[in-house]
Amino acid sequence: ATPAGKALLRREGGARTMLRNLLLLVAIIASHSAITCPDPSIQNSYSCNAASAHDLMFTAPSEWYKLSPDADMELGAGPWLHDSAACCKHCVWNLGYPLIDPIVIATDRTNTNASQHLDCTKFEREFDALDIDLNGQLTMAEMDPYLEYGVNKYLVDAGRLSKPSVFEQADLNLDEQVSKEEWYVLRHFWAPVHLAGAGPLPTSEAIAMKDGPLGGLFWDANLIELFMVSVVNILLEQVVASKCWGCGCCGADICPEDCPWQSGYVREFTSREQNSVLRKIDLDGSQRVSLEEHYFHSFADRNGDGVVDLDEYYHSLYPMVDEQGRPDSSRNRVQFTKHDLNGDGNITFLERKFIRADHSTASNQGREGELSKAEWVKADLPEYFGPFDGHIDKSVGTVTGTTYTYYSALHECALEGVRAYQVAFSSHPWAPRCTIEAYVSSQDPLDPWIHPITDGTQWRMLAGESGPGSGRHRNDASGSQSSFMLSMWQEVALRLKWTTTIHTAQTTLAAAAALTPPNTAERTFSVGLFAEYPEEPLDGALTCTRSFAPSLDGFVVVVLSDPDEVSLTTAVLIMVYSHSFVNFSCFLFVALIGVGHVYWFIERKENSEQFNPSYAKGVMDAAWFCIVTMSTVGYGDKAPSTGIGKGLTVFWMLFGIICFGIFTGEISAQVNLLSAEASIASFETLSGFDAGVLEHTAHLKLDVAYQFNPKWCKTLDECFDILDSKRAPALVLPQVDVLTYFRTRQLARNNCGNPFRIVGTPVLAGEQYSAKLCSYHKAVFAGQYLIDGVNEMLDTLDKEGFTEMLIEELKSEVEDTSSAESCDPPLGYNLSLVIPCAVIIVLYWIIIYYINHRKRVASGKLLRAMFSTSNKTPEQIALYFGLKWRETARRFKEIRAAGGQVPRPPPTQAVNQDDRLLNYLKRVRLIASGQTQDLQRCQRDVDSVSSVTNIANNFMFAACVVLLGLTAAVIYSLNEVVHAKDRFLELTQE
């Protein structure tokens with residue numbers, strides 16, 4: 001009676017065509033009836049009758065809303081089905097693309113043989129045919145004919161489908177029977193396999209699919225692709241046929257604009273859309289879709305919010321009895337509470353999966369509420385979110401509900417990231433609402449992770465936003481620059497679109513202790529960023545990424561850029577202060593005293609003139625002889641006269657030669673040692689020397705490996721102070737810490753250049769790292785997924801050259817940029833010794849010159865005073881005596897020439913003491929009587945000279961003290977000028 005029906009009758013001919021089209025006309029008339037689903041219940045959820053199924057089949061999805069009296073015409077097919085025809089969900093397949101108006105198929109109405117696979121009205125007839133005992137439940141034996149038919153038989157015979165696994169998964173309520181509703185879910189899920197005529201592809205050659213986690217009952221990407229291709233072909237055929245009988249435009253006729261059957265509505269899918277379909281229904285991230293996932297997504301989650309709430313659970317096919325077998329309800333909430341592991345009032349798919357796995361056929365290997373190894377494998381939980389061993393409770397050896405919530409928290413964050421950014425799990429996406437709490441270890445304010453972040457602050461970087469530096473070095477408000485390691489972590493987090501917050505910790509142990517289980521309510525996860533060398537390897541308790549910058553790994557040797565020239569004075573002083581020299585000196589002293597006693601005892605009688613018979617003087621004479629002989633000086637003032645003494649002297653001289661040879665060799669050795677210290681160029685040349693080492697790297701025992709003497713320091717400043725003050729010739733420090741110190745102190749920008757330099761090649765580069773990101777104990781805290789993501793991004797940054805760019809930028813800032821002409825070359829003289837020595841020489845020369853000058857003046861005055869009473873001048877007297885002495889000398893010469901002997905002066909008459917005293921008094925009286933006035937005048941002159949000399953001595957002493965003080969002040973000032981810039985930088989840093 002409709003225009004479309006009349007047109008169809010005119011265009012078609014033949015009895016069979018007429019009969020077929022009459023059936024279509026009946027369907028057209030029926031398509032205008034309303035679809036009404038009964039009140040929601042478990043049975044009513046699948047009560048779609050044949051009439052309602054045909055309404056969906058013969059009505060364009062864009063006009064499904066007309067099947068409900070009060071439906072909104074703007075409502076899409078999917079939302080309308082959910083709101084108004086929920087009881088017919090098992091009759092509809094939604095492909096999920098495009099996202100705005102997804103392609104939906106109801107039932108196949110083509111001329112192909114595929115109609116039996118997508119006709120939900122046949123599902124009930126199939127169930128009734130299998131239900132032999134007519135109890136409304138299927139047993140394993142009753143389901144067997146279905147699995148021995150068509151494509152199922154092929155898959156079973158090929159070992160790609162397990163019959164027990166199919167029955168077990170279809171039993172959603174775990175009552176060991178398959179109800180009609182459960183059968184509808186199974187048929188709806190497995191219909192794409194029947195339509196495509198093929199099952200999922202094998203995932204492993206070593207393990208048959210029937211023995212795998214899901215027994216072969218799953219969708220993979222290949223099956224979804226085949227299903228989508230088949231559906232597109234079916235829809236195109238349906239559109240062509242429907243336009244003809246529904247809109248009267250057959251063949252090349254142009255359809256009216258209001259015709260709902262348009263071929264433009266159906267199109268081929270893109271690879272991105274295919275992946276999107278898989279990601280949408282792949283609830284556990286296993287890259288395959290199980291029957292449980294299909295039911296949870298398409299049926300149990302009625303409002304599509306991703307979780308099952310209390311009302312949805314008790315309208316689902318999930319278990320509805322308690323442990324005693326009594327019916328459960330929303331009032332008792334026994335099963336709901338059991339499923340809700342984290343107690344948030346909603347059941348996620350992973351929570352449901354835990355309960356399902358705990359009740360699997362492998363449950364005899366585990367306990368109630370816990371997952372054994374077999375149950376974990378059977379549940380098909382993806383390994384890249386964490387292996388079974390990473391989540392077990394070590395006290396019981398199984399995965400408990402508590403540890404499983406950690407796994408599910410990671411899973412949800414990762415899966416939300418997949419859907420939010422439309423990328424695969426291989427890209428390691430992360431939900432924006434899930435925060436990664438990164439705890440940074442810092443035992444030094446110049447730690448390469450921290451600068452310029454001050455301790456105790458937080459830095460938050462949101463996905464898609466730029467944090468400090470935006471992945472590059474950038475000056476902040478204070479003028480300081482972001483550190484290399486912070487820039488690396490920043491770039492990694494930005495590219496992975498991770499939300500992260502950074503917290504500082506004072507020690508490595510504090511940072512490791514902060515790695516607590518994830519907060520499942522707030523979805524926060526803890527990781528540690530370590531850029532130091534802990535007392536124990538982190539990999540023992542943590543799982544870590546590779547090094548952020550392998551070329552910056554390991555330890556290096558740091559020395560002074562311009563070491564001092566080798567000083568003989570320093571060598572002698574070091575030797576004199578050494579314990580070996582002091583011990584040797586004490587030994588020589590004891591030997592001298594002992595041998596001196598022996599010499600005195602031997603020589604005291606026969607050689608009493610040189611070795612005094614008295615003990616005190618004799619021993620001192622013998623000790624003096626021992627010292628002079630041993631030192632090879634040999635004054636000759638004393639010598640032994642006895643045979644024993646001479647023989648002992650031979651051995652003593654040899655002993656002296658040996659001793660002073662040792663002394664000379666020790667000085668040479670000390671000079672060579674100082675030369676070797678100034679020539680340290682690698683770890684191999686560090687043996688035997690002192691080296692500054694950070695205390696928290698002591699456990700590495702580098703001092704034992706390279707045989708140097710460690711001088712421990714707590715911070716980098718203390719270490720570099722040890723090197724600068726020359727308390728050690730070298731430092732052994734982590735390479736990245738040294739470069740950070742050079743950079744933050746801007747040592748390369750000094751006028752005279754960087755006073756320190758790195759020598760040799762790094763050691764332990766393959767074992768110790770510059771910086772890593774770690775999570776606790778393999779995977780308990782979702783670490784493996786995060787660690788793998790960071791590692792892959794680090795590899796990407798390496799390939800793109802980003803890491804090398806930052807390294808070059810870092811090294812360019814520590815290269816020497818000073819000008820050689822801006823600094824005078826260091827003097828080769830030790831001014832601290834040369835200046836005092838010159839001052840002392842000049843001072844003593846002045847004092848001696850002054851004293852001698854005063855003596856000459858005084859003597860001249862005295863002589864002039866003595867000759868003032870004579871009739872002759874001093875010159876005449878001197879001439880007289882000179883001629884007389886010359887005459888005497890000429891006469892003595894003639895006598896010697898004649899072979900005679902010069903007469904000696906007559907000996908003084910021997911007189912007694914009284915006569916000598918009398919002669920002395922006569923001379924004194926003569927002088928006193930003749931020159932009393934001259935002597936008094938001379939005495940006055942001498943007193944005057946003495947007084948002036950004393951004053952001069954006092955003045956020179958005071959001048960010497962002042963001069964020494966000035967010298968010390970000059971030396972101190974020079975030292976302050978040399979180190980003024982370093983101290984200014986230290987004050988600036990403080």
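**Disulfides and buried cysteines**

Cys-626 has a relative accessibility of 0% and therefore counts as buried, a term that stands for under 20% relative accessible area, with exposed meaning over 50% and partly exposed in between (1.4 Å probe, protein chains only). Cys-659 is buried as well, its relative accessible area being 4%. The model is a predicted one, in which local features need pLDDT of at least 70 and side-chain atom pairs count only at pLDDT 80 or more, while totals for chains, interfaces and linings use all residues. Residues are numbered from 1 along each chain as its sequence is written, and side-chain values use heavy atoms, with hydrogens and water left out.

Next come the disulfides. A disulfide is taken here as a pair of cysteine sulfur atoms within 2.5 Å, and by this rule the count comes to nine.

The helices (H or I, at least four residues) and strands (E, at least two) named here are DSSP runs, numbered from the N terminus. As for accessibility, Cys-48 counts as buried at 12%, and Cys-88 counts as buried at 0%.

Another disulfide connects Cys-544 with Cys-774, again described by its S to S distance, 2.0 Å. The torsion about the S-S bond of this pair is about 105 degrees, so the disulfide is right-handed. Distant parts of the chain are linked in this way: Cys-544 belongs to strand β13 (residues 542–544) and Cys-774 to strand β19 (residues 772–776), 230 residues apart. Both Cys-544 and Cys-774 are buried.

A further disulfide is found between Cys-713 and Cys-719, where the S to S distance is 1.7 Å. The torsion about the S-S bond of Cys-713 and Cys-719 is about 70 degrees, which means that this disulfide is right-handed. Cys-713 has a relative accessibility of 1% and so counts as buried.
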